[in-house]
Amino acid sequence: MKYTIYMIFLTITVSLLASCQEESRVIEEVKDMYGRKVTFVRPYSSIPNTKTLALDSIMSKDIKAVSYLENFSCTDCALNKLASRIEIINSIDKDLGYLIIIRTNDVDELTKHIENKGIAHPIICYQTDAFKVENKLDVLARNRTFLLDKNDRIVLVGEPFNNEALLNLYKKAFTQMQE
């Protein structure tokens, strides 16, 4: 319980430091998302298709970070950021699973872009809003990255990619959940 209160307080504090205009929305979304169970709705595609075993390995990890992405205005730009995100999550700990979930209308086109960029990390693709709707992710894009516990419940919300304080919070939470 003490850990839970601490995590909520820190998530809200870090979110407030990163925002001023949307602070009340950020607070409400974080409160609403905290403790929510995440469901990985079927069917989905896996990119690259040959990485299904790796995807299963990530899905079976006790602790996972998840990023849900949609509506790319520039696919190449988004994939460049994706490579950097993978590096940052891997810097937290090699045992932390990282699930990248992308909503796209054209899986084949996205696959071509991913192959051209040389991204080998497995990605879950949805051609519908099934994941977003099931998990109530009609939230700010910055709140679509979160840390899940062994029961796939959200314990931390926010993007640690350009926020060192939040990255350190992810590292601390991961370490505490392993104990």
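This is a predicted model: local features need pLDDT of at least 70, side-chain atom pairs count only at pLDDT 80 or more; totals for chains, interfaces and linings use all residues.
Student: Then which residues of helix H5 are buried?

Tutor: Val107, Leu110, Thr111, His113 and Ile114, within the helix spanning residues 107–117. They sit on the same side of H5 because their arc around the axis is only 165 degrees.

Student: What covers the buried residues of H5?

Tutor: The cover includes strands E1 (45–47), E3 (97–103) and E4 (123–126), along with helix H4 (75–92).

Student: How do you know that Asp106 caps the N-terminal end of H5?

Tutor: Look at the distance: a side-chain oxygen of Asp106 lies 3.3 Å from the backbone nitrogen of Asp108. A polar contact needs an N or O pair within 3.5 Å, so this pair qualifies. After H5 comes Gly118, with a positive phi near 70 degrees.

Student: And H7, what is its span set against?

Tutor: H7 (residues 164–178) has 15 residues, and 21 Å is expected at 1.5 Å a residue. From first C-alpha to last, H7 reaches 21 Å, close to that expectation.

Student: Why are the buried residues of H7 said to be on the same side?

Tutor: The buried residues are Leu166, Leu167, Leu169, Tyr170, Ala173 and Phe174. Their arc around the axis is only 155 degrees, so they fall on the same side of H7.

Student: What is found at the start of H7?

Tutor: There, a side-chain oxygen of Asn163 reaches to within 3.2 Å of the backbone nitrogen of Ala165.

Key
Residues are numbered from 1 along each chain as its sequence is written. Side-chain values use heavy atoms; hydrogens and water are left out. Helices (H or I, at least four residues) and strands (E, at least two) are DSSP runs, numbered from the N terminus. The expected span of a helix is 1.5 Å times one less than its number of residues. Buried means under 20% relative accessible area, exposed over 50%, partly exposed in between (1.4 Å probe, protein chains only). The arc is that of the directions from the helix axis to the C-beta atoms. A polar contact is a pair of N or O atoms within 3.5 Å; within protein, one must be able to donate a hydrogen and the other to accept it, and residues adjacent in sequence count only if both atoms are side-chain atoms. Contact means heavy atoms within 4.5 Å.
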